[in-house]
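Open the model in your viewer and keep the sequence panel beside it. The tour below says what to select at each stop and what is there.

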Amino acid sequence: MNKNTAEKLYEAYYMKVFSYVMTLTRNQNDAMEITQETFFRAISTDKAFRGESDSYTWLCAIAKNLFVDEKRRSSRFEEEPGEERPDTKKDIEQRLSDKESSIRIHRILHDLEEPYKEVFQLRIFGELSFNEIGSIFGKTETWARVTYHRARLKIKERMDENEI
């Protein structure tokens, strides 16, 4: 890939790919590293982009593979949770209540089966269109819409069961 094409690709898609990776990692530093590695691999790979899909979809596929690889590597080592900084704006009871609700919701989302979990995260946290989500999975826009709708119903059912 020539330098001019690489620069255009980077400028056009960096923030979109970074946003997508943030939905996967939920960690800014990890997302930045994976995004940088994504563009490095896309630009320096011997395999040229074949044009069978959108450039953004191709980059997201690279990013997802890098994320999965990193997840596998890091799952071998358990990290200690970082210390939280106290929030002086809220009283302790309110913070505990908010945190408990948030944890319950994230547990429901965590336990949600694939592809519902990833489609929901891409739509809500990644702010991707249904067309973009469908192309990441190699499916249609309609498939992405239906899967997202089913994910919402599953989450709502589980929230009602847990009275969140």
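**Before selecting anything**

This is a predicted model, in which local features need pLDDT of at least 70 and side-chain atom pairs count only at pLDDT 80 or more, while totals for chains, interfaces and linings use all residues. Residues are numbered from 1 along each chain as its sequence is written, and side-chain values use heavy atoms, with hydrogens and water left out.

**Stop 1: the whole chain**

Show the protein chain as a cartoon. Its secondary structure comes to 7 helices and 0 strands. Here helices (H or I, at least four residues) and strands (E, at least two) are DSSP runs, numbered from the N terminus.

Of the 164 residues, 30% count as buried. Buried means under 20% relative accessible area, exposed means over 50%, and partly exposed lies in between (1.4 Å probe, protein chains only).

**Stop 2: helix α2**

Select residues 28–44, which make up helix α2. How far apart are its end C-alpha atoms? They are 24 Å apart, which agrees with the span of 24 Å that 17 residues should give at 1.5 Å a residue. The expected span is 1.5 Å times one less than the number of residues.

Next, colour Ala 31, Ile 34, Thr 35, Thr 38, Phe 39 and Ala 42, which are buried in α2. Seen down the axis of α2, the buried residues fall within an arc of 135 degrees, so they line one face of the helix. The arc is that of the directions from the helix axis to the C-beta atoms. An α-helix has 3.6 residues a turn, so residues three or four places apart point the same way.

Turn to the other side of α2 to find Asn 29, Glu 33 and Phe 40 exposed. To see what covers the buried residues of α2, show α1 (3–25) and α3 (55–75), which are included in that cover. At the start of α2, a side-chain oxygen of Asn 27 comes within 2.9 Å of the backbone nitrogen of Asn 29.

**Stop 3: Thr 147**

Select Thr 147 in helix α7 (residues 141–162). Is Thr 147 buried or exposed? At 5% relative accessibility, Thr 147 counts as buried. Leaving aside neighbours within four places in sequence, Thr 147 is in contact (heavy atoms within 4.5 Å) with Pro 115, Tyr 116 and Val 119.

**Stop 4: charged pairs**

The structure holds 8 salt bridges, each a side-chain nitrogen of Lys or Arg within 4 Å of a carboxyl oxygen of Asp or Glu.

Select Lys 154 and Glu 113, whose closest N and O atoms are 3.1 Å apart in a salt bridge. Lys 154 is in helix α7 and Glu 113 in the loop between α4 (92–111) and α5 (116–124), 41 residues apart.

Last, select Arg 145 and Glu 141, which form a salt bridge at 2.9 Å, N to O. These two are 4 residues apart in helix α7, about one helical turn.

Methods. Polar contact = N/O pair within 3.5 Å; in protein donor to acceptor, adjacent residues only side chain to side chain.
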